[in-house]
Each structure stands twice: as structure tokens, then as C-alpha cells.
Amino acid sequence: MPKFAVITGASSGIGAEFARQLSARGYNLLLVARRADRLEKLSDQLTTVCEIFTADLSKKSECLRLVKALEGRRVDLFINNAGFGDCGPFLQTELDKDLDMLSVNIRALHILTKKIGQQLYKQGFGALLNVGSCAGLMPAGPYMATYYATKAYVVSLTRGIAEELREQHSPVYVCALCPGPVDTEFNDRAGVVFALKGISPALCVEEAMRGMLRGKTIIVP
């Protein structure tokens, strides 16, 4: 039976690259994002069974709708990738955009980590990867303060859950991918230009796969 993976934020960047590489490894997929046209275009490029689930994960109800759709299904790998950033002085950036970022980067990730984590624990196997950032490993992030804070949450939450699972000798595996700059449209959406040259999404996902094979909790490409 082919393995089954779910990817949020699958319409572009790291999420789309996870879809390509997992499909190449024989995984059947459920691709989650807001833009159906992007998901359909990606699905047409893949060689395994690929389902599309459109959702706006900034809404709690949409997160729970995804959880409901996965009830009773075998999930081998869940990739919590949906998220975005913003750049600018904290006192000058838009509050509504900050709150949307908190809703996606923290609340949606938290809901899905808990609910899907419970499902994996009940089925007795599986892996969950939260896409964080090296920003979450740093003490502060001037001009991206809210984004850095959200990714610190991702790192802290993932580390705590991973330790609990180890102490319980659970076969369920939880990890966080924490890349530096990656050449995706994230940069345009966040309005940021990095001083460092970014790595490709392909290299980022390849490093994520290697890190998961080694059972690392925090994977830094």
C-alpha cells in the first residue's frame, strides 16, 4: 500500500517541492492550500494519486474541517507548512496582517499539530513535520519581529512534544524544519530581501528528508 502524506501550504515554494519529492518517492498526497488552480496545476505534474483540499487555515473552522476529512484515514506523514511573513518596523506594520500571521503561523499549526498528532498517536505510527525557520532559533528579529516570534513558538512547541513522545517511547515522530533564506515567493509576499543568498526549495526539502531519516528533532538545512 502506498504511503499517504498531507501537505499544507502546498501551492508554492517549500510545500510544492515536498509534494514533488514525496510523489517521486511513491507517496499518495493530499494537497492543502487556498488556491485551487495552483493545486490543480501541481497535481497534474505528479505521478501518484493526488487529492486537492482547498482551505483558508487562518480560520479555526477550516483547520477542523481538514481534521474531520482525515478522520479514519491512515496518515504516514503530515507536513505543517502553511505560513507567511512580513517585513518592517513593528510599530509601523499593519496590526491586521500581524493577527493573520498569528492565526496561520501559530494557531493553525497548533490545532493541526494537536489533532493530527492525536490521530498518529492513536494509529501507533507516523511522522509530523512543522516548517519553522532558523528565525525561530535566534533571540530576536528586528524588522520581522512578529514573524520571528511565531517561528520561535513553532520550535518550542515541537521540541516539547518531541521530548514527551521520546519519554513515552512512542513510535510517532515529530520534528521541525528550520531553514534560513529559501528562494521562494515567500520573500516577495513578506517584502523582504535577504543579505544571504537563499538555497533552492529542492535542496531544502532534500535536507529535510535526510534529517527525518536520522530522526532529528530540529533540522537546519
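This is a predicted model: local features need pLDDT of at least 70, side-chain atom pairs count only at pLDDT 80 or more; totals for chains, interfaces and linings use all residues.
Visitor: Is Glu62 buried or exposed?
Guide: Glu62 is found in helix 3, which spans residues 60–70. Buried means under 20% relative accessible area. Because the relative accessible area of Glu62 is 18%, the residue counts as buried.

Visitor: Which residues does Glu62 touch, not counting residues up to four places away in sequence?
Guide: Glu62 belongs to helix 3. With residues up to four places away in sequence not counted, Glu62 touches Thr54, Ala55, Asp56 and Leu57.

Visitor: How far apart in space are Glu62 and Ala108, C-alpha to C-alpha?
Guide: In sequence, Glu62 and Ala108 are separated by 46 residues. Ala108 is among the residues of helix 4 that make the contact with helix 3. In space, the C-alpha to C-alpha distance between Glu62 and Ala108 is 9.0 Å.

Visitor: Are helix 3 and helix 4 roughly parallel or roughly antiparallel to each other?
Guide: Helix 3 and helix 4 (residues 95–123) pack with their axes 10 Å apart, at an angle of about 20°. Angles under 35 degrees count as roughly parallel. The two helices, helix 3 and helix 4, are therefore roughly parallel.

Visitor: Does helix 3 pass helix 4 in a left-handed or a right-handed crossing?
Guide: The angle between helix 3 and helix 4 is about 20°. The crossing in which helix 3 passes helix 4 is right-handed.

Visitor: How many residues of the contact of helix 3 with helix 4 are nonpolar?
Guide: Helix 3 contributes Lys60, Cys63, Leu64, Leu66, Val67 and Leu70, while helix 4 contributes Arg107, Ala108, Ile111, Leu112, Lys115, Ile116 and Gln119. By class, the contact of helix 3 with helix 4 holds three charged residues and one polar residue, and the nonpolar ones number nine.

Visitor: Which residue forms a polar contact with the side chain of Thr113?
Guide: Thr113 lies in helix 4 and is buried, its relative accessible area being 6%. Leaving aside neighbours within four places in sequence, Thr113 is in contact with Asn80, Leu128, Asn130, Leu157 and Ile161. The polar contact, at 3.1 Å between side chains, is with Asn80.

Visitor: What is the phi of Tyr143?
Guide: Tyr143 lies in the loop between strand 5 (127–131) and helix 5 (145–167), and is exposed at a relative accessible area of 53%. Most residues other than glycine have a negative phi. Tyr143 is not a glycine, yet its phi is positive, at about 75°.

Visitor: Is His169 buried or exposed?
Guide: His169 is placed in the loop between helix 5 and strand 6 (173–177). Its phi is positive, near 55°, in a residue other than glycine. Exposed means over 50% relative accessible area. Because His169 has 72% relative accessibility, the residue counts as exposed.

Visitor: What is the orientation of helix 1 to helix 7?
Guide: Helix 1 (residues 13–24) and helix 7 (residues 201–213) have axes 9 Å apart and pack at an angle of about 60°. That angle makes helix 1, relative to helix 7, oblique.

Visitor: How many charged residues does the contact of helix 1 with helix 7 have?
Guide: The crossing of helix 1 and helix 7 is right-handed. Gly13, Ile14, Glu17, Phe18, Gln21 and Leu22 of helix 1 meet Pro201, Ala202, Cys204, Val205, Glu206, Ala208, Met209 and Met212 of helix 7. The contact of helix 1 with helix 7 comprises ten nonpolar and two polar residues, and its charged residues number two.

Note on methods: Residues are numbered from 1 along each chain as its sequence is written. Side-chain values use heavy atoms; hydrogens and water are left out. Helices (H or I, at least four residues) and strands (E, at least two) are DSSP runs, numbered from the N terminus. Buried means under 20% relative accessible area, exposed over 50%, partly exposed in between (1.4 Å probe, protein chains only). Contact means heavy atoms within 4.5 Å. Axes are lines fitted to C-alpha atoms, for helices over the stretch in contact, and angles run from 0 to 180 degrees between N-to-C directions. Angles under 35 degrees count as roughly parallel, over 145 as roughly antiparallel, 65 to 115 as roughly perpendicular and the rest as oblique. A crossing is left-handed if the near helix is turned anticlockwise from the far one by less than a right angle, and right-handed if clockwise. Ala, Val, Leu, Ile, Met, Phe, Trp, Tyr, Cys and Pro count as nonpolar, Asp, Glu, Lys and Arg as charged, and the others, Gly among them, as polar. A polar contact is a pair of N or O atoms within 3.5 Å; within protein, one must be able to donate a hydrogen and the other to accept it, and residues adjacent in sequence count only if both atoms are side-chain atoms.
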